[in-house]
Amino acid sequence: MTEFSRRTFMMSAAALSALAASGKVAFAELPKLAKKDKYKVGFAQTESNNPWRIAQTNSMKEHAEKNGYQLVYTDAASSAAKQVADVNSMIAQGVDLIFLAPREEKPLIPAVMAAKKAGIPVILLDRNVDPSLAKPGEDYVTFIGSDFIQEGQRVAEWLAKNANGKSKIIELEGTTGSSPANDRKKGFDDAINKAGGFTILASQTGDFARDKGRQVAEALLQAHPDADIVYAHNDEMAIGAISAIEAAGKVAGKDIIVLSIDGGKEAVGLCAEGKIAAVVECNPRFGPKAFETMARYAKGETIEPWVKNVDKFYDATNAKAELADAY
Ligand code: GYE
């Protein structure tokens, strides 16, 4: 070793260990994806307890098949711990790339990092991870999904224009610690506070699930009999809330305005019937974009940090006409 290269080596070794000690730097680069005709691809799903998830899974399976790729599919059955184990098993099976729908923002970080360490690129689908703990372009390729803050904002802005004197809100939050629950709350709450004249009486998680949403809505409607608006972070909880509203002897769409996000067929149908006032779509058909993004990455393209999905909006003005196209 020349004196110069020896010094450079020692300096960089010292600098690297200092950075490592600070915990701020990951050593490995974002894994690349080799060009192949056929791939073995993982899709780590969170759960299958609602039409949105089922539509997403079907879309992924359909497009894997179209490409002739082998799909290793797992269902974490609503457990972040199982989802981490699912990703580890995909790594052990030597998949070429992992599509991951991280159930919660923080608990799935170890899975993202384990794949990176194993040299397997990860594309996040539909939910994000904590941006302070893992980054697109460094730790995973990109996040494909909707703008959840904007979804919450769109609901709030619609409400500010169409509340007709109603003002007391019960909010049913999605899965605690998930990016759509965090962001749909932030987008809505900030916009509703900005609009002024509204009160959020209570805000509680219904875990994105129909029956949990029904139970929580029932308890909150009892505790707050003056509530006249229910904002649910997804269709399943909105539909659960309608059962709770009817059980309380009230009429959804008349006594209580119900607002939702997802835009599945059942909810758009309820919107056409007037029981749900407005729904922001959250498009679950990920297959085309997921596999197209993967192909771009395999070609060596630098992928933008966020591949955004575009969402529709349904209310009384278009729900009937749009019903046939809703998933
Ligand atoms: O709104 C919900 C699902 O992560 C965007 O998760 C997704 C959400 C969707 O369970 O219905």
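The crossing of α2 and α10 is right-handed, a term that applies if the near helix is turned clockwise from the far one by less than a right angle, left-handed being the anticlockwise case. Helices here are DSSP runs of H or I with at least four residues, numbered from the N terminus. The axes of α2 and α10 (residues 287–298) cross at roughly 45 degrees and come within 8 Å. α2 is therefore oblique to α10; angles under 35 degrees count as roughly parallel, over 145 as roughly antiparallel, 65 to 115 as roughly perpendicular, and the rest as oblique. Axes are lines fitted to C-alpha atoms over the stretch in contact, and angles run from 0 to 180 degrees between N-to-C directions.

This is a predicted model, in which local features need pLDDT of at least 70 and side-chain atom pairs count only at pLDDT 80 or more, while totals for chains, interfaces and linings use all residues. Residues are numbered from 1 along each chain as its sequence is written, and side-chain values use heavy atoms, with hydrogens and water left out.

Which residues of α2 meet α10? They are S59, M60, H63, A64 and N67, and their partners in α10 are G287, P288, A290 and F291; contact means heavy atoms within 4.5 Å. Ala, Val, Leu, Ile, Met, Phe, Trp, Tyr, Cys and Pro count as nonpolar, Asp, Glu, Lys and Arg as charged, and the others, Gly among them, as polar.

I turn to α8 and α9. Helix α8 (residues 235–247) packs against α9 (residues 265–273) at about 50 degrees, with the axes 9 Å apart, and their crossing is left-handed. D235, I239 and I242 of α8 make the contact with E266, A267 and L270 of α9. Four of the contact residues are nonpolar, none polar and two charged.

The whole structure holds one cavity of 30 Å³ or more, where a cavity is a set of points on a 1 Å grid over the protein atoms alone at which a 1.4 Å probe fits but cannot get out. α2 (51–67) and α6 (179–195) each supply at least two of the lining residues. The lining divides into five nonpolar, two polar and six charged residues.

Methods
On a 1 Å grid over the protein atoms alone, a cavity is a set of points where a 1.4 Å probe fits but cannot get out, and a pocket is an open set with protein on both sides within 12 Å along at least five of seven lines; lining residues have an atom within 4 Å of a point. Grid points are joined across faces, edges and corners, and a volume is the space filled by probe spheres set on the points.
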